[in-house]
Amino acid sequence: MAAVPEPIGADVGRGGAQGYAADWARAVRRLGFVPLSAAETERLLLVHTVRLAQAVRAEPFTVRPAEEVGRALVEAHLTEPRALEWALRALGADFPHRVLAAEGWPADLSERIAAVQGGLAAGYARALRDRTFAQQERIARSAWQARDEVEQALRDSEARFRAVFTGAAIGIGIAGVDGQIIDVNQAFADMLGYSIEELCQTNVAELFHADDAAGMWDLYQEMIEGKQDSARLEKRYYRKDGTVVWTDLAVSLIRYDDGRPRFTVAMIEDITERYELQQRLRFQALHDPLTGLPNRTLFFETLGRVFDSAAPQRRVGVCFLDLDGFKAINDSLGHDLGDRLLVVIGRRLAECVAEHGHLVARMGGDEFVILVDGGQDAVAVAQTALAAVAAPVNVGDQQLAVSASVGVVECPAEETTASELMKAADTTLYWAKAAGRGRYAVYDPERSARDLARAALVAGLPAALERGEFVLHYQPIVSLLEGRMLAVEALVRWQHPELGLIGPDRFIGLAEETGLIVGLGEWVLRTACRDAELWWREFPGARLVVSVNLAARQADDPAIVDTVADALDTTGLPAELLQLELTESAVMGSAGEPLRSLHRLAALGIRLAVDDFGTGYSNLAYLRRLPIHCLKLAGPFVEGIRADGTDVAADHRDERIVDALVRLAHALELWVTAEAVETGVQAERLRALRCDTGQGRYFGPPAPAEVITARLRDGTAG
C-alpha cells in the first residue's frame, strides 16, 4: 500500500473528497467481496481520492501517483473488476466537480483526467500481472520442491525396503501374476534350503505341499485375478531336501495404478517348532493321559461333526460302557493297579472295533464310549465290547475278572441331536446297571418317557407338600355282619396342577425313596385326625374309626410315638378312634427301637393293623407277640372269590385260604378286614367265612371327607 500523502491543501475540497470516498467505498462493497470493514474501506479510499486529486493538480503533471493508487487497490485485495470500472467512470464524470475546487482548474483538465484514468488502470493491471506471476512462481517452486521431496522419499523408501528385504529375519518373496518368483531374500532361501538364484527360476506352485496344493492354487488364483488383496494362513512347504517346513504365510497383492494386478509379495515365518508344540498340546488336550484314547472333548467334537455332516437317514449309534465294581478294585487293590487295569481295558476296546474304524473314547473314571457311525449294528458292537472286557486281565501278579454294563442308543441322525443322544445313552447305561452286571440295555423311548415323568414327580414332591397340593380321600370299611360303616381308610391323593388327580401308586414309592414319606405321612396323620375329630363331634354314636397307613420309614422314626401323640392331643381325637396300618414286611421286620415304638403306640390306646396280610412270609409266633389288633387280608385272596365260573378249582382254593387266614386271625384274637371287595357275591362269601369287615368298591370308592360326612348325616352308614 502506498504511503499516506501529504495533508490536503486548501485547493482540494476536503468535504467533497470524503463524500466521493464514501460513495466509492459503498460501490466497492456492493460490487464484490471486500476483506476490510466498511470504515476501514472508506478511510483507505479517502487517502486514494486525495492522492488522485493532488496528482491532477500537480505541476509538473505525472500519472505515476495514479499508477501507484491502482497498485495499492490490488495490494488491498480490492480486485473486483466492476469496482475498477466504477472508479474509472467516476473519475471522468464526478471527480472534478466533487473533489477539485472550481477555481484554478488546469487548462488541460480533461487530458489530465484521462491520463489519470489510464494510469490507474495500468497500475491496477500491472499489479494483477505481478501478483499472478509471483503466485505462479511460488506454485512452480512448491511443485519442484514437492517433486524433489517425493523423489527423495522414494529413494529413501527403496533404501529402507531393500534394507528390510535383505536383512529381515523372516522370508520375503516377490512373484509375478503367473507365479514366477521375481526375487526373494536370503531368509526365504535359507528357510527352504535353496539359493536365491535357484528360487528365482522357480514357480511358487512347485513349492506347494501335496496335501494343500489345490486349495493354495485356488487362493493364489483369486489374488492374481484381483478378487482379494491379501490372505494369511498356516501352510506347509517342501524344503529342497524333501522335508516339510510349517510356515505362517501372509500374501499381499500389489496393483498397477489402474487397479490391474501387478505382482504378489509373500512374507513367511518358520513356525515348525511352534506348530509341533501346538500339535502336542492339542493331542494332550484331546486325549486321555492314562490310556491315550480320545477324551470326552474330542469325542463330542467328533460327534458334533458327524451330526453336522450326516445325511438325514444316516444311523448314528453310541455304546456307553461302565466297568462293574471298579471302585471295589480301586479300594481293595489300590489306584495304581486300577489305572493299569483301565489301560488294558482301553486297549482292548480300541482293538476290538479297530477294523470298523469306530471311535473309542474315555469319558472319565471307568467310563468309555464307542461311537458307531453307520454300517455296523450298535448292539453287535456292544456285545463285542462286553466280550473283550470279560476276558481275564493279568495285572502284575493279579488276575482280575471284570465285567461291564453298556447302554446302547442307535437312531437316524435327523431324529435326535448330539446332546440328546448322549443323554439317552446315559439313561440306558443306568438301566443296564440296574438289571445286573455284564449286560447291555437298548434305549426305549417309552421307558425313558416314563422315567422322565417319574423324575418330574420326584422333583415336584417337596414343593407340592409346601403348597398344599395333597388331599385325602376316605374309603368306607363296613361290618360284613351288620352292614354298618365302622371305619374309613385315609388314602392320599396328589392334586397335581398339570396332571390332575394322581393316585398314591404313582408317588408313594417315590416319597419313600426320597425320604419325603415322613413329612407326607405326618401331614396325612394330622389331616385324618382332624377330619375324624369332626365326625366324632358331629356323630358321636357312629364311633367312626379312621385308619391311616404308616410307612416303614415312619415306623422306624424314633419320633413317631411323639408325633402320633401330638396329633391326637392337637385335634382332640380319642385314641381308640385312630388305627395305624403297617405292611406285613414292616411289622415282621420290627426289632429293637421300632418294636418298642409299636408297643408305645398301642399303649396310647390306638389300634394297629397289618395291611396286605398274606403277601409275605410271617412268623406266626412272632406275630402273636406284637400289639396288633387287626389283619387286613391282601386283595388277591379276595379277588379269587369270584364265582364267575372261569376257574372253579382256583376259586375254591382261594376260598379255603381266606377261611384259614380268618380262623388264624380269630385264634390270635385279631379283627379281620377283607380288602378289594368288588361284588355282592364276594361280600356274601366273606360273611359266610365269618370275616369281620370288608373294604372295596362294593361298599363305596374312596371319596372326599364331605362325602363321608353326607353318608353319616343321611344315616347310610348303618
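**View 1. His77 sits in a loop and is partly exposed.** The relative accessible area of His77 is 46%, so the residue counts as partly exposed. Buried means under 20% relative accessible area, exposed over 50%, and partly exposed in between, with a 1.4 Å probe and protein chains only. The loop around His77 runs between α3 and α4 (81-93). Helices (H or I, at least four residues) and strands (E, at least two) are DSSP runs, numbered from the N terminus. His77 is not a glycine, yet its phi is positive, about 65°. Most residues other than glycine have a negative phi, and most peptide bonds are trans.

This is a predicted model: local features need pLDDT of at least 70, side-chain atom pairs count only at pLDDT 80 or more, and totals for chains, interfaces and linings use all residues. Residues are numbered from 1 along each chain as its sequence is written, and side-chain values use heavy atoms, with hydrogens and water left out.

**View 2. A cis peptide bond joins Glu59 to Pro60.** Its omega is near -5°. Pro60 belongs to the loop between α2 (38-57) and α3 (64-75).

**View 3. Asp612 has a positive phi within a strand.** The phi value of Asp612 is near 50°, and the residue is not a glycine. Strand β18 (residues 607-613) holds Asp612. With a relative accessible area of 31%, Asp612 is partly exposed.

**View 4. Trp431 and Tyr443 form a stacked pair.** A search of the whole structure finds 12 aromatic pairs. Rings of Phe, Tyr and Trp (its six-membered ring) pair if their centres lie within 6.5 Å; planes under 30 degrees apart count as stacked, over 60 as edge-to-face and the rest as tilted. The ring centres of Trp431 and Tyr443 are 6.0 Å apart and the planes lie at 5°, so the pair is stacked. Trp431 lies in helix α15 (residues 418-435), and Tyr443 in the loop between β12 (440-442) and α16 (445-467), 12 residues apart. How accessible is Trp431, buried or exposed? Trp431 is buried, at 3% relative accessible area. Tyr443 is partly exposed, at 28%.

**View 5. Phe470 and Trp494 form a tilted pair.** Their ring centres are 5.5 Å apart and their planes stand at 35°, so the pair is tilted. Phe470 is in strand β13 (residues 470-479) and Trp494 in strand β14 (residues 485-496), so the pair ties together parts 24 residues apart in sequence. Both Phe470 and Trp494 are buried.

**View 6. Four aromatic residues make a cluster.** Ring pairs link Tyr20, Trp24, Trp86 and Phe95.

**View 7. Ala432 is buried in helix α15.** The relative accessible area of Ala432 is 0%. Which residues does Ala432 contact, leaving aside its neighbours within four places in sequence? They are Ser405, Val406, Arg439, Tyr440 and Ala441. Contact means heavy atoms within 4.5 Å. Val164 is 268 residues away along the chain, and its C-alpha atom is 69 Å from that of Ala432.

**Setting of the views. The chain has 27 helices and 21 strands.** Its radius of gyration is 56 Å, well over the 27 Å that the globule rule gives for 718 residues, so the chain is more spread out than a compact globule. The radius is taken over C-alpha atoms, and the rule is 2.2 Å times the number of residues to the power 0.38. The C-alpha trace spans about 170 × 85 × 45 Å along its principal axes. Of the 718 residues, 44% count as buried.
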